[in-house]
Amino acid sequence: MQNKLLILFFFALVGHATGQSEKKPKAVQTRSIHFEKKKIASESYETVGVFDVNSDKVPDIVSGGFWYEGPAYSTRHAIGAAKRYGEYYDDFSTIPLDVNGDGRTDFVTGGWFGGQLVWKQNPGDETEWQEHLIAEVGNIESTRSWDLDGDGIVEIVPNTPNDSLRIYRLLLDNKEKGTGKFAHTSIFGKHGHGIGFGDINGDGRDDLVIPTGWLEAPFKPFEDSWRFHPEFELGTASVPVLVVDVNLDGHNDLIVGMGHDYGLHWYEQHPGEKSSEKKWQKHAIDPFNSQYHTMEWKDLDGDGTPELITGKRYRAHNGKDSGGSDDLGLYYFRWNGENFSKQVIDYGAYGEGKGTGVYFSVADLNNDGKKDIIVAGKDGLTIYYNRGAK
């Protein structure tokens, strides 16, 4: 353990580089991005979203049973308590969506224990937000939203490891407004821990990734069958699995965290020369930290190249995961054309460092042109204001 702590300390200070590519870097970015940390609340909700709750054109923060009014985020308003099961709240996503077409932004969530996908209705005043059932779906690890048909409105995709993979599509009226109702399409059976979205085969349609392979999107995603390609084994993968062209070779790769174990990797895609089957070469990004349960791929320094933003989910399984008692960390990783380098945003023991929950947000809260990071978890709700590269 002492050697592991020394390794963690070394990488936290200076970063590290792993992975391989034949590509040469265009330029090496050496300036670190500086963040200003602001603790917002000590509640232990594990999800946070950013959207304009009160229609004042200022982004607000929504997390669990409360929303925090921008731009100061010091005034808290009650939404209504989420159900609690031991250390967990049954609230594993905060997906903004005007579900009922009234012009106010609601949000979609769901949880493991109740097995229900729900939406919570923004009342436009100080009354409690009404909860509406979308469907009984089984245990939800987390939920994500992607525009699968390109119509500008996201579909809802819960990761239900022990149950079928289903897509939930908001039904619209003749004015193209939400009706408060959803239709669902079942595309695969029991699919495991982790899910991702992106164009794997370069046909212009976005596919879905599950731990044992990828599902090829048909021309009509809600009518035709999705073809399964069992090309890899990712394990208890992150939500989401990122589908991005890491090494800029024209083929999308995968970035995968281990949600309940040590490890963060990228899988390089090698298209098959004589068949449609692809080969995937695994590269380490960070094998020394655990519980990389969620991540985002966003441009933090404004150079046009996204960074990988992720961290350790604090007490993902109440301290029972591998590395559960290790220090907490929130990081971004830069790709320089050959490898990833690790940059520390926050690191330390509980109460000093900061981990993630299951769903965090990256958004420009103060309209300064730089994306901030907003993270909830069992260790509280915190904003990291992006002060730029120095």
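This is a predicted model: local features need pLDDT of at least 70, side-chain atom pairs count only at pLDDT 80 or more; totals for chains, interfaces and linings use all residues.
1. On the cavity: a search of the whole structure returns 1 cavity of 30 Å³ or more, and the space in the largest cavity comes to about 40 Å³. Its lining includes Ala 41, Glu 43, Ser 44 and Tyr 45 as well as Ala 376, Gly 377, Gly 380 and Leu 381, and the lining residues divide into 5 nonpolar, 4 polar and 1 charged.

2. On Phe 222: this residue sits in the loop between β19 (213–216) and β20 (227–229), and it counts as buried because its relative accessibility is 18%, where buried means under 20%. Leaving aside neighbours within four places in sequence, Phe 222 is in contact with Asp 149, Glu 155, Ile 167, Arg 169 and Thr 185.

3. On the salt bridge between Lys 378 and Glu 87: the two side chains meet at 3.9 Å, N to O, and the pair links distant parts of the chain, with Lys 378 in the loop between β30 (372–375) and β31 (381–389) and Glu 87 in the loop between β7 (84–85) and β8 (88–89), 291 residues apart. Lys 378 is buried at 9% relative accessibility, whereas Glu 87 is partly exposed at 28%.

4. On other salt bridges, of which the structure holds 15 in total: Arg 104 pairs with Asp 102 at 3.1 Å, N to O, with Arg 104 partly exposed at 28% relative accessibility and Asp 102 partly exposed at 29%. In the salt bridge of Lys 370 with Asp 368, the closest N and O atoms are 3.6 Å apart.

Methods: Residues are numbered from 1 along each chain as its sequence is written. Side-chain values use heavy atoms; hydrogens and water are left out. On a 1 Å grid over the protein atoms alone, a cavity is a set of points where a 1.4 Å probe fits but cannot get out, and a pocket is an open set with protein on both sides within 12 Å along at least five of seven lines; lining residues have an atom within 4 Å of a point. Grid points are joined across faces, edges and corners, and a volume is the space filled by probe spheres set on the points. Ala, Val, Leu, Ile, Met, Phe, Trp, Tyr, Cys and Pro count as nonpolar, Asp, Glu, Lys and Arg as charged, and the others, Gly among them, as polar. Helices (H or I, at least four residues) and strands (E, at least two) are DSSP runs, numbered from the N terminus. Buried means under 20% relative accessible area, exposed over 50%, partly exposed in between (1.4 Å probe, protein chains only). Contact means heavy atoms within 4.5 Å. A salt bridge is a side-chain nitrogen of Lys or Arg within 4 Å of a carboxyl oxygen of Asp or Glu.
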